[in-house]
Amino acid sequence: MKHILLVDMNAFFIMCESLLRPELRDIPAAVAGDPLKRTGIILTANYIARKYGVYTTMTVNQAKNVCPSIELVKPSSGLYSKCSNQVFDIFRRYTPTIEQASIDEGWLDITESTDLFGSPFDIASRIQNEVKDELGLWCSVGISENKFLSKMACEMKKPLGITTMYQKDIEKMLWPLPVNKMYGVGKATSKQLLNVGIHTIGDIANCDKVFLTEKFGSFGSYLYERANGIDHSLVGVHQVKSKSISKEHTLAADMTDINQAKKALINLAQEVGVKARAEGLKGETVQITMKYSNFISVTRQKKVHATNLDKEILKAGYELLEENWDSKKPIRLIGIGLHNMTGQKAQVSFFDNHIEVKEEKIEKTMDTLNIKYGKKSLKRGSNL
Amino acid sequence: MKIFCMKKDLNEAVSSTQRAVSNKSILAVLEGILITAKDNKIILRGNDMEMGIEYTVAGVIEEEGSVVLTSRYFSEIVRKFPDGNIEISCDDSYKVNIRCSNSNIDLIGLNPQGFPEIPSVNENNAITLKQEILRNMIRQVVFSVSIDEKMPVLTGCLLESADNCIYMVSIDGYRMSFRKEYILGIKEGVTVVIPGKALNEVARLLKEDDKEVSIHYGKNQILFDFGNCKLITKLLQGDYLNYKSIYPDSYETEIEVETKALLDAADRANLIITEDKRTPVKFEIDDKYAKVYSVTDIGRVEETVKISKEGKDISIAFNPKFIMDALKNIEDEKIKISFSGSIGPCVISPINSDEFSYVILPVRTN
């Protein structure tokens, strides 16, 4: 049996901010998109603020209503990735098999590490303590035999929780939970499930698999397997290739200047490129998303020669921005993505575009360095 | 027409000529072999409009004349005759009678008038070399011609001459075979692209002996003259790739390895690779060993081959077929492999000779 940990940082952004301003630990505080603007949103609230009912995605205005004394902090994203790198360095003390799920969350396969470091629970508590003592950050850990169950286990006790849930425990621990608590189930799916009388994860597990497959397609069998505690996906291996890859960013302040928007796209295009290259995919369509201050979002897209290069994605993004920019309409969110993915031809050919091959080499090298030394340790000059 | 010849001679002539006959054509005459008995020569011809083969058979002519016989039946009949003397006669209405020993066969022949003429080639432009040498050259190059009709010129081999040597090159987009032969006295001049299909036939007709073959070429055709047999083929038109530019300027890693050891390792790694999945074979090269391995649904093969290395360690993957094709065609015991990064061209060549080299492009791995 495998032993998988999911380590999730608690209130990560605001905890990072508290490292710089320790006074934030003792008062209700949150990281929010430009706190001076009423339209900014709460990115992460600390646990004191959460007691007042402040939650992520709430607008600053709403948060101030429920918790007038809340201290709002502007996001300093460079700090978060630095902290994140240090956290993952701690993970690496226990296993090389790590999958970063996001900036503040990662799976660790510790199956081969138990002889060296002790039981999965021992390892989990060592990680939790080291993160706390060395970095002053909090995390929760889920322990199980696969990625899905470890994620579900981790969610059960926050902050500073360590929860063990193996397959044998799911009937007691997992099945009573409502469907919307299930990892991978969003609003739309849970509504559909409720409509057919499925209320808990146990209901899904005991449902007829054929029924679920007919209703939800392949997602139906995914739900059935996960609800029964089955997940064969490996840590660190992306088994499912993306149909599209996109990244978006809610801006700290509404934006009317196209040059600022272009700057925001640089990072996003790079993230899209990194992911596409890691999966060996190329996209034939570049799409940008703009959400206006009135919360209406539009997407605009254009065809490109199949690519996964940051430069090419960004170039198409710039063109789309220029064609569609309206300086009278402030935007609050911007995103860019690659769609119409094609597998990259694995066999190198003499007819490959040599400039592209060179560019690919550069970007792959950058990717490798960024994996080794931490995200954004190497950047393009334009992005400084 | 009435002729006599030995089964053995006729069979060889028919089976050679047949290679230039199309199996299916709108013109019945193109599915046939033309037999001409004239001026004391019995000549068999096949011509599929791309390539023509002309074979002179030893025999006796009692009455001159000519006729076309459908190749499919004629060749089978001759092949199945017992050894001995064959008599072929034909009347004015092209009814053909073939006799051998106790067999007596009538075949309906065709009027030879519609049979396409085999074009002539300027006999002055000539290169002469040993049949065995040309045979080896073709064998070492022809396997990497392209089968993709999108770039017709690459479905052929480039034949080029420089002072005192000739070159043959084929490129299919992912690999290149290069062969050079020193032939004293040869001048710079020829640059032609010969269809791969025709070259395969040329190689079949070439003997492993000291006899010579002479090559005559024009703008549109090339003729291979083997003495009693001639093959003429259309040349492929269009500019061939600048193959010299394919070689990398510098290499990051160079290894020396025993050809057979590496071929055997690749062969075994290929055992668990199915055609449809096209999984690459991976090579991990450090100072002393090349680890050759493959992992598929069927299992995992790992081979360790001793090497000597200069430059960086490298991890690289290839289509196993490409590696094996190259290694199979190298007779030298030891080879040098030069790598230019994990997605750059890789050059395989014998250690003590510049007479041939293979350039293979790797497969990307993630």
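Analyst: Ile88(B) has Ile98(B), in strand 8 of chain B, as its bridge partner. This is a predicted model, in which local features need pLDDT of at least 70 and side-chain atom pairs count only at pLDDT 80 or more, while totals for chains, interfaces and linings use all residues; side-chain values use heavy atoms, leaving out hydrogens and water. Residues are numbered from 1 along each chain as its sequence is written, with chains lettered from A and ligands numbered from 1 in the order in which they are written.

Strands (E, at least two residues) and helices (H or I, at least four) are DSSP runs numbered from the N terminus, and two strands pair if DSSP finds at least two bridges between them. Strands of a sheet pair through backbone hydrogen bonds, either parallel or antiparallel.

The sheet as a whole is open, with five strands of chain B in the order 5-1-7-8-9 and antiparallel pairing. Its edges are strand 5 (60–63) and strand 9 (103–108) of chain B, each of which pairs on one side only. From one strand to the next, the twist averages 20°. Helix 1 (residues 7–17) of chain B lies across strand 1 (2–6) and strand 7 of chain B, and runs at about 100° to strand 1 of chain B. Such angles run from 0 to 180 degrees between N-to-C directions, with axes fitted to C-alpha atoms, for helices over the stretch in contact; contact means heavy atoms within 4.5 Å.

Chain A has 15 helices and twelve strands. Of its 384 residues, 48% are buried, where buried means under 20% relative accessible area, exposed over 50% and partly exposed in between (1.4 Å probe, protein chains only). Among contacts in chain A between residues at least 6 apart in sequence, 62% join residues at least 24 apart.

The phi of Ala11(A) is near 45°, a positive value in a residue other than glycine. Most residues other than glycine have a negative phi, and most peptide bonds are trans. Ala11(A) counts as buried because its relative accessible area is 5%.

Within helix 1 of chain A, the buried residues are Phe12(A), Ile14(A), Met15(A), Cys16(A), Glu17(A) and Ser18(A). They pack against strand 1, strand 2 (29–32), strand 3 (42–45), strand 4 (71–73) and helix 4 (77–91) of chain A.

Gly136(A) touches Met15(A), Leu19(A), Arg25(A) and Val131(A), not counting residues up to four places away in sequence. Gly136(A) sits in the loop between helix 6 (120–135) and strand 7 (139–144) of chain A. Its C-alpha atom is separated by 7.1 Å from that of Leu19(A), although the two residues are 117 apart along the chain. Gly136(A) is buried because its relative accessibility is 19%.
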